[in-house]
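Here are my notes on one helix pair and on several charged pairs. Please read them beside the model.

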Amino acid sequence: MSTGENIQYLRKREGYTQEGFAEKMGVSRQTISKWESDACYPEMEKLVSMCELFGCKMDDLIRGDVKADDVSDTAGYDAHMNQHAKNITIGVVLILAGVTALLVTYGLTHVDTAAALALFPFVIAGVAYFVTAGMQHEHFKRKHPQIVPFYTEEEQDAFQNKFITKIVTGISLILLGVVCLIGTTLIIGESYLDQNEFAACLTTSVLMLFVTEGVGFLVYAGIQKSKFNIDEYNRENSPEVEEKETKIDRITGAICACLMIFATLVFVLLGTLMSAWHISWVAYVVAVLLCGVVHVIGDAFEKTDDSPKKEKVE
């Protein structure tokens, strides 16, 4: 690639229009156009500024092929997104596993405090995975705000087949858990389960095992699918796109925080005042589902607001 082709590629990679890039360089748009068409050559001072802006070496900018180098470097993106998906999935699975531990502990001991103590280590570990995943992802985005699309059509088609399999498996596991719960209730008898708390907790914990595994498949598949949408990743990190921390984001975040606080309050009150630790966990499930609905609605409004504001990159 020529110097002009490298400049044009790096400008587009970072999401700058010719006008935006010209403003950064302190020159006119026509000058940028001449650089990119190799009609004239940038001064050394401008080349140094470009290297700092694009995070590249002078030799690569002048004589190299920065596009080819980028494509080979994006393997780090795939590895990061795979680990990110694992961390989030482990966090979700740990919290749901904690609910299972709560049910089993309560069924064995009938001690509310013991049941709560069985839950909280899983919740703490799950939150730790969420925080770690979030911080690592934010660091990666700051370090690599733009990624060159590198997945081949064959790779995307192969993943699509795996994605469908994982989604079907996850849903099937959840439905299988429900079937097991209904079948056990019919065989043992609802009246017996009402009188025997251990049997009731054990039956529900079996359902939660299926739900935990099923939700794990669904979460992992969803995050894995998102990694193939590199264009959206680049758009979100483009310097000329408005920050995503908009008013809608702040509102949805506040609503979700309130929902989780309320779920914790319901969980504690039901457990301590009514000794209903075996069912109080449902508050968290409802809160998570409502948070999902809130984010879907918020994203829909955000995309609607952003659509006329997108600036075309030349």
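1. Helix 2 and helix 3 are roughly perpendicular to each other (65 to 115 degrees; under 35 counts as roughly parallel, over 145 as roughly antiparallel, the rest as oblique). Helix 2 covers residues 18-25 and helix 3 covers residues 29-36. Their axes cross at roughly 100 degrees and come within 8 Å. Axes here are lines fitted to C-alpha atoms over the stretch in contact, with angles from 0 to 180 degrees between N-to-C directions. Helices are DSSP runs (H or I, at least four residues), numbered from the N terminus.

2. The model is predicted: local features need pLDDT of at least 70, side-chain atom pairs count only at pLDDT 80 or more, and totals for chains, interfaces and linings use all residues. Residues are numbered from 1 along each chain as its sequence is written, and side-chain values use heavy atoms, with hydrogens and water left out.

3. Which residues make the contact of helix 2 with helix 3? Helix 2 supplies Gln18, Glu19, Phe21, Ala22 and Met25. Helix 3 supplies Arg29, Ile32, Ser33, Trp35 and Glu36. Contact means heavy atoms within 4.5 Å. The residues of this contact divide into five nonpolar, two polar and three charged (Ala, Val, Leu, Ile, Met, Phe, Trp, Tyr, Cys and Pro count as nonpolar; Asp, Glu, Lys and Arg as charged; the others, Gly among them, as polar).

4. Side chains of opposite charge can pair when their charged atoms come close. The count comes to five salt bridges (a side-chain nitrogen of Lys or Arg within 4 Å of a carboxyl oxygen of Asp or Glu). One of them joins Arg29 and Glu19, with the closest N and O atoms 3.2 Å apart. Arg29 lies in helix 3 and Glu19 in helix 2, so the pair ties together parts ten residues apart in sequence. Arg29 is partly exposed at 32% relative accessibility. Glu19 is partly exposed too, at 38%. The cut-offs are under 20% relative accessible area for buried, over 50% for exposed, and partly exposed in between (1.4 Å probe, protein chains only).

5. Arg63 and Asp59 meet in a salt bridge at 2.4 Å, N to O. Both lie in helix 5 (residues 58-63), four residues apart, about one turn of the helix. Arg63 is exposed at 66%. Asp59 is partly exposed at 42%.

6. Lys227 forms a salt bridge with Asp78, the closest N and O atoms being 2.9 Å apart. Lys227 sits in helix 11 (residues 197-227) and Asp78 in helix 7 (residues 75-109), so this pair ties together parts 149 residues apart in sequence. Is Lys227 buried or exposed? Lys227 counts as buried, at 5% relative accessibility. Asp78 counts as partly exposed, at 21%.

Technical notes:
Helix = DSSP H or I, 4+ residues; strand = E, 2+ residues; numbered from the N terminus.
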